[in-house]
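Please look through the sequence and the structure shown here before reading on. The paragraphs below then lead through the fold step by step.

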Amino acid sequence: MRTEGEIATNTDPAASWSLVVPLKPLARAKSRLGRAAGEPARPRLALAFAQDTVAAALSCARVRDVVVVTDDAAAGAALSALGARIVADVPAAGLNAALAYGARSVRTRAPGAPVAALNADLPALRPAELARVLDFASAFPRAFLRDAAGIGTTFLSCGGGTELRPAFGGRSAARHLASGAVEIALPGVDSVRRDVDTGEDLTVALALGTGPHTGRVCSALCRAPGR
């Protein structure tokens, strides 16, 4: 891997994908998780999830670079240190507008690049599983992966010359399917499906095996008085 300006670029010729990862300001992220982890820990966990997601994505042999769309300065600095390129959320019009803007940012630098949107809350993400998803997606103009609940979406891709057309939020899997995106029906990619919104989700992710950032925060929470 080599660094070009702000971008960490994978020199493996198989690495052709650019990933766009959206991240809310940490003060507003993962609101449902606060009930289980406590409000002080919620932004720390949101950042740790994003750090483990980005680190795993950058370690994937199919990934050329990762663009994080966020207006959170602290998160941007932490994720930039891992090798991500940080893009401000200029539209400031919600998740799907941020993803579309991030995809356009990628195409400004690499017009023919295949692009995929990836959730920022996949702390158990495995590079090899992500590679399998990307390999499947490469055969189609657009493809998506349902989340572990089967309702939402954790991954949406578009090949060169195709627009991303994100429709994340709520029952997004049905919307992506109706939009013509091909559903990725692969076994053994649980880590790419396992987003974390609740305490129960986090328990499952920890059982899968999270990355080191999430592990450290969770260990500190377990050691905290009253836990």
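Helices (H or I, at least four residues) and strands (E, at least two) are DSSP runs, numbered from the N terminus. The model is predicted, so local features need pLDDT of at least 70 and side-chain atom pairs count only at pLDDT 80 or more, while totals for chains, interfaces and linings use all residues. Residues are numbered from 1 along each chain as its sequence is written, and side-chain values use heavy atoms, with hydrogens and water left out.

Start with the whole chain. The protein chain has nine helices and nine strands. Its C-alpha trace spans about 55 × 40 × 35 Å along the principal axes. The radius of gyration is taken over C-alpha atoms, and the globule rule is 2.2 Å times the number of residues to the power 0.38. For 227 residues a compact globule would have a radius near 17 Å, and the protein chain has 16 Å, which agrees. Contact means heavy atoms within 4.5 Å. Among contacts in the protein chain between residues at least 6 apart in sequence, 66% join residues at least 24 apart.

A residue is called buried under 20% relative accessible area, exposed over 50%, and partly exposed in between (1.4 Å probe, protein chains only). By this rule, buried residues make up 53% of the 227 residues in the protein chain. Accessible areas come from the Shrake-Rupley method with a 1.4 Å probe, and for residues only the protein chains shown count as cover. The protein chain exposes about 9700 Å², of which carbon and sulfur atoms supply 56%.

Next comes the sheet. Strands of a sheet pair through backbone hydrogen bonds, either parallel or antiparallel. Here two strands pair if DSSP finds at least two bridges between them. Seven strands form an open sheet with mixed pairing, in the order β5-β4-β3-β6-β8-β7-β9. The edge strands, β5 and β9 (182–183), each pair on one side only. β3 and β4 run parallel and are joined by six bridges; in this pair, P22 stands opposite V69 in β4. β4 also pairs with β5 in the parallel sense, over three bridges, and V69 stands opposite V87 in β5. β4 is mostly covered, with six of its seven residues buried. β7 and β8, by contrast, pair in the antiparallel sense over five bridges, and F144 stands opposite L156 in β8.

What lies inside? In soluble globular proteins, nonpolar side chains tend to be buried together. A nonpolar core is a set of buried Ala, Val, Leu, Ile, Met, Phe, Trp, Tyr and Cys residues joined through side-chain atoms within 4.5 Å. The largest one has 38 residues, and L19, V66, L118, L130, L134 and F155 touch the most other members. The elements that give two or more residues to this core are β3 (17–22), α2 (42–58), β4 (63–69), α3 (73–82), β6 (115–118), α5 (127–137) and β7 (142–146). α2 gives the most to this core, with seven residues. L130 touches L19, A57, C60, V63, L118, L125 and V192, not counting residues up to four places away in sequence. Another core, of 18 residues, lies apart from the largest one and includes V20, A98, L99 and C158.

The expected span of a helix is 1.5 Å times one less than its number of residues. α2 has 17 residues and reaches 24 Å from its first C-alpha to its last, close to the 24 Å expected. It is mostly covered, since 14 of the 17 residues in α2 are buried. Helix α4 (residues 95–109) has 15 residues and should span 21 Å; its end C-alpha atoms are 22 Å apart, which agrees. In α4, A98, L99, G102, A103, S105, V106 and R107 are buried. The buried residues of α4 pack against β3, β4, β5 (85–87), β6 and β8 (153–158).

Finally, turn to two residues further along the chain. G211 is found in the loop between α8 (199–208) and α9. Is G211 buried or exposed? At 17% relative accessibility, G211 counts as buried. G211 and F49 are 162 residues apart in sequence, but their C-alpha atoms are 8.2 Å apart in space. Beyond residues up to four places away in sequence, G211 touches D52 and P123. H213 lies in helix α9 (residues 212–223) and is buried, because its relative accessible area is 16%. Leaving aside neighbours within four places in sequence, H213 is in contact with A48, Q51, D52 and L82.
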